[in-house]
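Keep the sequence and the coordinates at hand while reading.

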Amino acid sequence: MMKRMMLAAVLLAVSVFYALPAEAIVHVEGRYWFTTLESTVKATDLGVIGSEINLVDTLGVDDKKNFWEARVDLNLGSHHLRYGYMPLSWDGQKTITQSINFDGKTYSASARVDSNLDITYQRLGYRYNIIDTLGNQLGIIFDIKLFDIEARLKTTGIDESYSVTAPVPTIGLGAQIGLPFLFTVGAEVTGIAYSGNHLIDGEAAINFNPIPFITISGGYRIFDLKVEDGDDKVDFSLKGPFLMVNAGF
């Protein structure tokens, strides 16, 4: 009797498993982003108003650079818990043609300035799909985006750095449309805007699903941040195409 009950339980579990739609619970995603940078910063300290510094033109930072990003998505039906991690870093060396002030320190014209900007960008979010059928999706997204930022300017006799850690809540939408031949197109945008300041992170991609649980994508992404706080200012824009591979388990 016990053996029959155990066999019946196993058969029931197997039948329930195969009756459920084949869907991965965890998705791991790797990205490579080909970016173009546009950025201006102004940092004030000790009552000395900082200069508006263009990272590319003033400091010689390379505006073309590529970055990797890792994401994890825990899929609970229509509910998704998401985490992303992306390290960003730029360096520049240039003999400046006019005096600039950064965070209370003055860098004289004709000085050779070494600069560095490091940003660690993390995002922890939740997505709820209002529509999720036949490859078509429409969802609402809530994210907390965490920025660890450090900027450094160095020349003879001066080595000044400025750092800030800022969590930013954002809200947005994501959508996907199923196409023939294992293709889909998708897009999402999250952001926040207040008092003339804003943060926008948006992308669109075409996705190919050659085998179950594997997706290969190509798309275009724009990340735009503008913040003014008194005499301090950050105007930061990254944009460019990306490639992505997503594996489900």
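The model is a predicted one. The volume of this second largest pocket is about 780 Å³. Sorted by class, its lining holds 30 nonpolar, five polar and seven charged residues.

The largest pocket has a volume of about 1,300 Å³. Of the 47 residues lining the largest pocket, His-27, Gln-137, Gln-176, Thr-215 and Asn-246 are the closest to its centre. The class counts for the lining of the largest pocket are 16 nonpolar, 19 polar and 12 charged residues. Which strand gives the most to this lining? Strand S7, residues 112–133, does, with six residues.

The chain around these pockets can be described next. Its secondary structure comes to one helix and 13 strands. Of the 249 residues in the chain, 35% count as buried. The chain exposes about 14,100 Å², of which carbon and sulfur atoms supply 65%. Among contacts with a separation of 6 or more, 61% are accounted for by residues 24 or more positions apart.

Strand S7 leads on to its partner. S7 and strand S8 (residues 136–155) run antiparallel and are joined by 19 bridges. Within this pairing, Arg-123 stands opposite Lys-145 in S8. The two strands form a hairpin with two residues between them, and Leu-134 in the turn has a positive phi of about 55°.

S8 is also joined to strand S9 (residues 158–178), again antiparallel, by 19 bridges. Here Phe-142 has Ile-171 in S9 as its bridge partner. The hairpin of S8 and S9 has two residues between the strands, and Gly-157 in this hairpin takes a positive phi near 85°.

Tyr-85 lies in strand S4, which covers residues 79–95. Beyond its neighbours within four places in sequence, Tyr-85 is in contact with Trp-68, Glu-69, Ala-70, Thr-120, Tyr-121 and Gln-122. Is Tyr-85 buried, exposed or partly exposed? Its relative accessible area is 29%, so Tyr-85 is partly exposed, as that class lies between the limits of 20% and 50%.

Most residues other than glycine have a negative phi. Asp-103 is not a glycine, but it has a positive phi of about 55°. Asp-103 lies in the loop between strand S5 (100–102) and strand S6 (105–107). Asp-103 counts as buried because its relative accessible area is 8%, and the limit for buried is under 20%.

Ser-110 likewise is not a glycine and has a positive phi, of about 80°. Ser-110 lies in the loop between S6 and S7. Is Ser-110 buried or exposed? With a relative accessible area of 64%, Ser-110 is exposed, since exposed means over 50%.

Conventions: Residues numbered from 1 in each chain as written. Predicted model: local features only at pLDDT ≥ 70, side-chain atom pairs only at ≥ 80, totals over all residues. Heavy atoms only, no water. Helix = DSSP H or I, 4+ residues; strand = E, 2+ residues; numbered from the N terminus. Buried < 20%, exposed > 50% of the residue type's maximum accessible area, 1.4 Å probe, protein only. Contact = heavy atoms within 4.5 Å. 1 Å grid on protein atoms, 1.4 Å probe; cavity = no way out; pocket = protein on both sides within 12 Å on 5 of 7 lines; lining within 4 Å. Points joined across faces, edges and corners; volume = space filled by probe spheres on them. Nonpolar A, V, L, I, M, F, W, Y, C, P; charged D, E, K, R; others polar. Pairing = 2+ DSSP bridges. Areas by Shrake-Rupley, 256 points an atom, 1.4 Å probe, with all protein chains shown as cover.
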